[in-house]
Amino acid sequence: MGNTFCLFCGCVEQSSVGVVEQWGRFHRLAQPGFQFFNPLAGECLAGILSTRIASLDVKIETKTKDNVFVQLLCSIQYRVVKENADDAFYELQNPQEQIQAYVFDVTRAIVPKMNLDELFEQKGEVAKGVMEELGKVMGEYGYSIEHILMVDIIPDPSVRRAMNEINAAQRLLLASEFKGEADKVVIVKKAEAEAESKYLGGVGVARQRQAITDGLRENIMEFSTKVEGTSAKEVMDLIMITQYFDTIKELGNSSKNTTVFIPHGPGHVRDISNQIRNGMMEASCAQVTDDVE
């Protein structure tokens with residue numbers, strides 16, 4: 001409905017307060033509701049003030065301790081104190097400009113004492129300092145400062161780009177460290193696997209040679225027992241020649257085999273037998289040495 005007035009009476013709406021003058025000077029405050037005025041006694045309604053919370057956005061440009069220019073967006077929430085509405089009505093002609101001036105003054109006194117990083121971390125302390133100083137000053141003029149919020153901190157564009165580049169470089173460095181550690185683990189595990197594989201391969205070869213040696217020993221002993229007059233060397237030669245011909249047979253049965261014996265012929269059978277026998281004996285001696293160790 002709003003505030004309605006005539007010469008003799010008027011209605012002050014809720015969350016408002018009227019200022020009544022008598023013969024040009026302050027007389028009383030008109031509270032919300034229906035009010036009577038006596039024009040014959042010089043009473044008149046000089047004005048209406050709202051007691052609702054108002055908001056004022058202030059943009060402040062200042063410099064930090066490390067010489068970085070920043071813009072601060074500050075939101076001030078204030079209201080008129082009902083009991084001191086006459087001070088708010090008569091003392092300040094433009095309260096928004098007065099609040100803005102004090103915010104500029106206090107902020108530019110606090111921010112230059114901080115680095116840019118400290119400003120981001122302690123923007124609540126800046127708002128608290130502004131609220132304390134502004135509350136003291138504006139309280140004398142009938143205004144109450146309810147809240148002050150540092151909505152945004154905007155550094156110079158070149159500084160923002162530099163900060164983003166520093167952050168990106170730090171993240172790339174961290175990623176490189178993690179990647180290096182991962183590669184290190186892969187290399188170590190691969191080396192351990194190769195070492196284990198070679199060890200197991202060596203164990204397998206040693207067992208294979210031992211099994212061959214044991215088999216040949218049993219064959220020689222059995223042949224010598226059943227056939228009288230034969231020496232161990234003759235039995236060994238016969239076994240080696242038999243194995244040689246078995247190998248030649250296997251090679252001949254395979255059409256895709258590319259193995260060639262050089263030199264090759266019946267006269268070299270004894271040499272091959274000696275070579276095989278010497279290899280078996282060396283393997284047996286090596287196995288005995290390993291067992292002793």
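This is a predicted model: local features need pLDDT of at least 70, side-chain atom pairs count only at pLDDT 80 or more; totals for chains, interfaces and linings use all residues.
Look at β3 (residues 16–22) next to β4: the two run antiparallel and are joined by 5 bridges. If you want a spot to start from, take V19, whose bridge partner in β4 is L29.

F26 belongs to strand β4 and Y90 to helix α1 (residues 85–90), so the pair ties together parts that lie 64 residues apart in sequence.

Now for the other open sheet. It has 3 strands too, in the order β7-β8-β9, and the pairing is again antiparallel. β7 (54–63) and β9 (143–155) stand at the edges with a single partner strand each, so one side of each has no neighbour in the sheet. Neighbouring strands of this sheet are turned by 20 degrees against each other on average, direction ignored. β7 and β8 (residues 69–80) pair over 10 bridges in the antiparallel sense, and L56 stands opposite I76 in β8.

Two helices go with this sheet. α2 lies across β7, β8 and β9, while α4 packs on the sheet and touches β8 and β9.

| Elements | Angle |
|---|---|
| α2 and β7 | about 35 degrees |
| α4 and β9 | about 145 degrees |
| α2 and α4 | roughly 135 degrees |

How do α2 and α4 lie to each other, then? Helix α2 (residues 95–110) and helix α4 (residues 123–139) have axes that come within 9 Å and cross at roughly 135 degrees. Angles of over 145 degrees would count as roughly antiparallel, and α2 and α4 are therefore oblique to each other. The crossing of α2 past α4 is right-handed.

As for who touches whom, α2 brings I99, Y102, V103, V106, T107 and I110, and these meet V126, G129, V130, E133, L134, V137 and M138 of α4. By type, the residues of this contact divide into 10 nonpolar, 2 polar and 1 charged.

Definitions and conventions:
Residues are numbered from 1 along each chain as its sequence is written. Side-chain values use heavy atoms; hydrogens and water are left out. Axes are lines fitted to C-alpha atoms, for helices over the stretch in contact, and angles run from 0 to 180 degrees between N-to-C directions. Helices (H or I, at least four residues) and strands (E, at least two) are DSSP runs, numbered from the N terminus. Angles under 35 degrees count as roughly parallel, over 145 as roughly antiparallel, 65 to 115 as roughly perpendicular and the rest as oblique. A crossing is left-handed if the near helix is turned anticlockwise from the far one by less than a right angle, and right-handed if clockwise. Contact means heavy atoms within 4.5 Å. Ala, Val, Leu, Ile, Met, Phe, Trp, Tyr, Cys and Pro count as nonpolar, Asp, Glu, Lys and Arg as charged, and the others, Gly among them, as polar. Two strands pair if DSSP finds at least two bridges between them.
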